[in-house]
Every structure is written in C-alpha cells, then in structure tokens.
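Q: I have a structure I have not seen before. Could you show me how to read its features one by one?

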Amino acid sequence: MAMIEIALFPIPGCVSFPGTLFPLHVFEPRYRDMVHHCVESDRLMAICHTQKEIHAAKSGQRPEEMLQSNQAMYKPCSVFSAGRCELVYTLDDGRMLINVHLQARYHCVQEIQELPYTICRCEEYADLPHTDRDVKNAEALRQKILQRLYVLTAGDELAQKALNAVHWENKSLQVFSFAILAALQFDADFKQQMLECQSLLQRLQGVYQRLR
C-alpha cells in the first residue's frame, strides 16, 4: 500500500470525519508555519483527537503572548482524517482562518518529524469488505437512525429541516455513516472509536445504540 506524508494538527476532544469540511482558527506560530507548508507543498493536513497531554501551556498568558509562543503539546491518536488545506484569510495579527477539506481516513505508520509540528508517514485506513446482507442491514439502520432523530428533534423546526430525508438518503451508506457522526454531538472518545471502526455495519449500529 502506498505511503503518504501528512502533517498533524492535534486538538483535544476533536474528531473529524472524511467527506466533511473542517473550518479552523489558527494562532500558534508552529501551526501557522504548518499551514503555509501544507498550502505551498500541497501536503495533506490531519485534524485529530489526542491521547494525552505531553507538555502543558504556560498559564496566565496575554492574547498577544499566545500569538508569539507555542502552547500545549499532545500525543495524537494514530487514526485520523486528512485532506487539503485551504487558507481562507490571514488577519492583521497573523492569525489564520482555514478550511480543511477532509477526504479520507489514514493510519500513522511512522512519525518522521516531531518538532515544531508532527509529520507522519501514513497509510489510508479503509473499511473492510462487506456483504450484500451487510449493505441491506446498514440501509435498514440508516432509516432507523433518521426516524430516531426525527423523534428526538420533535418541535425543533430547524433540526427537522436539517434531517431532510432526501439529503441524507442520497448519500452513500459510507458517506452517511461519517456525516451523521460529524453532525451529532457524541463524546470525543466514542467518535474516535467509530472513526477507527472499519465495519460500515458496526459503525451504524454504534450510532443507533447511542441514540437509543
């Protein structure tokens, strides 16, 4: 399997999914440098949840100090979503507004750079093959998930509109499984577990069980 080098942006509690757009405000010097590097070299950027804090940020910093110094360091999770980085706007003080167009899941095979930011050599992390029966059961689960969400959002006109059946049913089952996880506010560890799940059917089962 072909390897690809990806720059990692670890954010505690943040799990991203392929097929989604991730807007981000970047202020740390090292990550501003990483954005420039990714845009100029067309390197993929990953937005990933973290396993633990390695080094805490200095307390009591003023906003202008935070713009000039790097903050806490984290050990990233080894499975994440990554995609092309788009620099939307750079503010006068150097802060950046970016969009990361997440295209696929990847697994870190080898860390090749740690400082000032992490770069990993990665493999794409794909779902395992599924049977026709799996697909049939997954489609049934999609309907159950949407029905459950309609019940949970009864009386919320905006939420009901967002659950427009045509919009969600026109997605492939795999895209649906990631999009619904991105849209719902589950805890980060559960989302990471679902991101690492390589079974479409088990991923949708996990979502449905949580909604129940």
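Q: Is glutamine 110 buried, partly exposed or exposed?
A: The general idea is to compare the relative accessible area with two cut-offs: under 20% is buried, over 50% is exposed, and values in between are partly exposed. The model here is a predicted one. Glutamine 110 has 41% relative accessibility, so it counts as partly exposed.

Q: Where does glutamine 110 sit, and which residues does glutamine 110 touch?
A: Glutamine 110 belongs to strand β7. Leaving out residues up to four places away in sequence, it touches Ile119, Cys120 and Arg121. The C-alpha distance gives another view of one of these pairs: glutamine 110 and cysteine 120 are 10 residues apart along the chain, and their C-alpha atoms are separated by 5.6 Å.

Q: What does a residue with a higher exposure class look like here?
A: Lysine 136, in helix α3 (residues 132-152), is a case. Its relative accessible area is 65%, and because exposed means over 50%, lysine 136 is exposed. Its C-alpha atom is separated by 9.5 Å from that of leucine 201, which is 65 residues apart from lysine 136 along the chain.

Q: What does the side chain of serine 81 reach, and at what distance?
A: The side chain of serine 81 reaches the backbone oxygen of serine 16 at 2.9 Å. The contacts of serine 81, with neighbours within four places in sequence left aside, include Ser16, Phe17 and Pro18, as well as Met45, Ala46 and Ile47. Leu102, Ala104, Arg105 and Leu195 are also in contact with serine 81.

Q: Where is methionine 194, and is methionine 194 buried or exposed?
A: Methionine 194 is part of helix α7 (residues 188-196). With a relative accessible area of 5%, methionine 194 is buried. Leaving out residues up to four places away in sequence, methionine 194 touches Leu181, Arg203 and Gly206. Methionine 194 and valine 15 are 179 residues apart along the chain, with 9.8 Å between their C-alpha atoms.

Q: Which side chain makes a polar contact with the side chain of arginine 43?
A: That of histidine 37, at 2.8 Å. His37 is also among the residues that arginine 43 touches beyond four places in sequence, together with Glu5, Ile6, Ala7, Cys38 and Ile119.

Q: How should I read backbone angles?
A: Most residues other than glycine have a negative phi, and most peptide bonds are trans. Aspartate 42 has a phi near 60°, a positive value in a residue other than glycine. Aspartate 42 lies in the loop between α1 and β3 (44-48), and its 46% relative accessibility makes it partly exposed.

Q: Where is there a cis peptide bond?
A: The peptide bond from leucine 115 to proline 116 is cis, with omega near 0°. Proline 116 is found in the loop between β7 and β8 (119-124).

Q: How do I describe the largest pocket?
A: Begin with volume and lining. The largest pocket has a volume of about 230 Å³. Its lining has 20 residues, and Tyr74, Lys75, Pro76, Glu111 and Thr118 lie nearest the centre. The elements that each give two or more residues to this lining are β1 (4-10), α1 (29-41), β4 (50-55), β5 (73-76) and β7 (96-113).

Q: Which element gives the most to the lining, and how do the lining residues divide by type?
A: β5 gives the most, with four residues. By type, the lining of the largest pocket has 13 nonpolar, three polar and four charged residues.

Q: What totals describe the protein as a whole?
A: The protein has eight helices and eight strands. Of its 212 residues, 43% count as buried. The accessible surface comes to about 11600 Å², and carbon and sulfur atoms hold 50% of that surface. Among contacts with a separation of 6 or more, 68% are between residues 24 or more positions apart.

Note on methods:
Residues numbered from 1 in each chain as written. Predicted model: local features only at pLDDT ≥ 70, side-chain atom pairs only at ≥ 80, totals over all residues. Heavy atoms only, no water. 1 Å grid on protein atoms, 1.4 Å probe; cavity = no way out; pocket = protein on both sides within 12 Å on 5 of 7 lines; lining within 4 Å. Points joined across faces, edges and corners; volume = space filled by probe spheres on them. Nonpolar A, V, L, I, M, F, W, Y, C, P; charged D, E, K, R; others polar. Polar contact = N/O pair within 3.5 Å; in protein donor to acceptor, adjacent residues only side chain to side chain. Contact = heavy atoms within 4.5 Å. Buried < 20%, exposed > 50% of the residue type's maximum accessible area, 1.4 Å probe, protein only. Areas by Shrake-Rupley, 256 points an atom, 1.4 Å probe, with all protein chains shown as cover.
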